[in-house]
Structures are given as C-alpha cells and as structure tokens.
Amino acid sequence: MKPHLKPLVKGLLASRKADLIGATPADALHAPTRPYPNGWFCLAFDDELRRGSIITRPLAGREVVIYRTTDGVLRAVRPRCPHLGAHLGVGGSIEGEEIVCPFHRFAFDPAGVCVRTGYDQPPPKASLTQYAVCEANGGIYVWWHALGLPPQWEVPVLPLDDRQPFSHDTFDIAGHPQDVIENAFDWGHLPALHGLKDLVIDGPPVTGQPVSTVTATARGTMMRGSRQSYTLTVIGLATIAARSVLPLGAGSLYVMLHATPTSPGRIQLRFGTKLELAGVPGVPAKVGRAATMPAARLLSRVLQRVASVDTGADLLMWHHQEHVEHPKLAKGDGPIGRYRQWAQQFYTEPAGGLVSRPARTEAHSSEE
C-alpha cells in the first residue's frame, strides 16, 4: 500500500467508520441506481450464532432474524410474529427447538409452524415466513431474490477445517456488492494499490456459472519475503474467498471477503482471516492439525490485523467510489468488461436500472 494511505486506513480500522476524511460517501453524493443482486449473502460468521441464540441482520432493505435451536438447527425468518407483529429478534428466545415470541409467548417449531401460545390455548393456524439459509465455509448465508424465487444454485463448500473459526470484523460502508466482487477481476489495482510485484494471474469468469476461480502468483503479499500462490473463489456477487499456500507446505491462509447489501447504496463488509497449519511431521494429519490449532488461532488474530490494513485501502475506495457504467479501460486492467457481463446473471432487472423492488424478499422454507 502507498504510504500516504496508511493514516487514513488506520483511522478507518480503529473507528469502524469510513467518514473520516471529509469527502462525501458515495451513497450521499449521488442517488443509488443499481438494484440488489440475487443470490446467497453472508449475514454472519458461524461463531456469531451459538446454539440457543438469536441475531438480527439487515438484508436488501429488510431485516432477517437468524437463530439456532438447542440441537443446532439453523433457521432464518422474517422478524414479525404473525400473531400481533412483535419483533422476534427483540426479546425473543429459544426454548429447545422452538423460537418464542417475547410479546405473548407464541412458540414456533423449526418448520415455522405455531405450536403453542403463552396462555394454554390451542395455537392458531399461523406460520413464520422462512428464508432459505445455509452454512458454508465459516459463514451463514441467506438467499435473496427480487421475485421471491427459491435458490437457483448452491454455495460451494471449500476444504476448510470447521473446528477453527475465522478472526473477523464487519464494516458498514457505502457501496454495492458488484463493485466489491469486481476486485477479483480488477487486476490493475493489485500492484497500484496493494504493491504486489511480478503478478501472474488468470481466470476470467465463465458465462452462466455462478462461481468463478482466479489463480495467481505474486510477491508483496502478507508473506512479504517470498513469492506466494493463491486462489480466489468468487461466489456470486457476495463473496471472495482467497486461499494462499504457505511456503514449504506449512499450511494455508484463508481470507474471506463478504459484501452484503443492506439498503440502497449501502453494504456490510465482512472480512475474516484463518490460518490452518499443516500439522506435525510424522504425526497423523488429523492429530497434527489439532496439536497446532491453538497456535494457528493466535496467528490468525495477528494476520487479521495485518490483512485488515490492505483491505482497509479497498474500503476507502468503495466507500467513495462512483460506479462508472461505461469505464475507459486500459491495458492491464484485467477482464473487467467480461466480469460485468457475467454479473448480469444475478439481476432480475438490468444492473443500470432503478432500485424498484428493495422490499421484495419473500422467502421459502429452508432445509435442515
């Protein structure tokens, strides 16, 4: 990263806010014009939702209540109780396998069906509106579609060790998911903004496929002293999952970047880091990884702070970036034009159209 950017990035990371430098955030400077994309969006890292707990997260102009039952069943529902409209995420509780409304203690089973009331009377024929939800790669994803259609594809599962959580942070900034995911194909910014050297990169998106892969080698990554190879898995307009191979087969470093639309022109940016060490020579792999896990967790926290500085530079750009519909591209930019054509598959409306249906988040029952 260029030295003049470091004070701005450090201020952003310390405050969790990007409104520190006097410039106007992009969503206040001009009215957002692009609709929400369809797809799976990460609303939390999995360690943020333990068994018997409830969280509320914004998604595409609405809120989603996500909870785990005592047995670990994961569910995502519309916040409003169908009885008299109480918010299930404000004082609601988990009792066994049921989520219980705080107002009249109506209880709903994992299928969303009301099974009892708070005053020993037969429950009404009422159900919660459920969202399709899944857990993959250390994150909790909820499906959103402008027309309320069910999931059209699945989140790919990466070879991660689920026993170890990510070290992570979340930032609320101006921006649009398409611009964040464009980073995987904006190859010109890697040497210019992040200082990568001797970059060799390949992997334009494939038309019609919801997941793309980019492979690269470079010097100047977090492992400053050596040339690193890494793979980016691009999941819809929601996630960039980066895997770097450590020297001498020592293990892998995973960096997750999730962009979740919250309201027109705003996103929550979730950023996580996890180091997985290969283990101990001569010891079975599973046992060896378990032995090195405490050290890996500690180093993950350190690497999260290091990686946040580089990612913070991108946050500054996104927060103030004005989307250019017809960019004047130059040689060395990477396959940005091809990426934008690929991105069109995630919209019900053209990406240049107005945000006309921000509240259309009709949901479908999720599977266990």
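Modeller: Val113, with a relative accessibility of 35%, falls in the partly exposed class (buried is under 20% relative accessible area, exposed is over 50%, and partly exposed lies in between, with a 1.4 Å probe and protein chains only). The model is a predicted one, in which local features need pLDDT of at least 70 and side-chain atom pairs count only at pLDDT 80 or more, while totals for chains, interfaces and linings use all residues. Residues are numbered from 1 along each chain as its sequence is written, and side-chain values rest on heavy atoms, with hydrogens and water left out.

Val113 sits in the loop that runs between β7 (107-108) and β8, where helices (H or I, at least four residues) and strands (E, at least two) are DSSP runs numbered from the N terminus. Once residues up to four places away in sequence are set aside, Val113 touches Ala107, Phe108, Ala126 and Ser127, a contact being heavy atoms within 4.5 Å.

Arg116 forms a salt bridge with Glu95, and their closest N and O atoms are 3.0 Å apart (a salt bridge is a side-chain nitrogen of Lys or Arg within 4 Å of a carboxyl oxygen of Asp or Glu). This pair links distant parts of the chain, since Arg116 belongs to strand β8 (residues 114-116) and Glu95 to strand β5 (residues 93-95), 21 residues apart. Arg116 is partly exposed, at a relative accessible area of 29%, and Glu95 is partly exposed as well, at 30%. Arg116 also forms a salt bridge with Glu98, where the closest N and O atoms are 2.9 Å apart; here, too, distant parts of the chain are linked, with Glu98 in strand β6 (residues 98-100) and Arg116 in strand β8, 18 residues apart. Glu95, Glu98 and Arg116 are joined by Arg105 in a network of salt bridges.

The structure holds 10 salt bridges. Another of them is formed by the side chains of Arg34 and Asp179, at 2.6 Å from N to O. Arg34 is located in the loop between α2 (26-29) and β1 (39-45), and Asp179 in helix α3 (residues 177-181), so this pair ties together parts that are 145 residues apart in sequence. Both partners lie in the buried class: Arg34 has a relative accessible area of 10%, and Asp179 has a relative accessibility of 8%.

As for the chain in which these pairs are set, its secondary structure comes to 6 helices and 18 strands. The chain has 368 residues, of which 50% are buried. Among its contacts with a separation of 6 or more, 61% are accounted for by residues 24 or more positions apart. The chain exposes about 16,700 Å², and carbon and sulfur atoms supply 56% of that area (accessible areas come from the Shrake-Rupley method with a 1.4 Å probe; for residues, only the protein chains shown count as cover).
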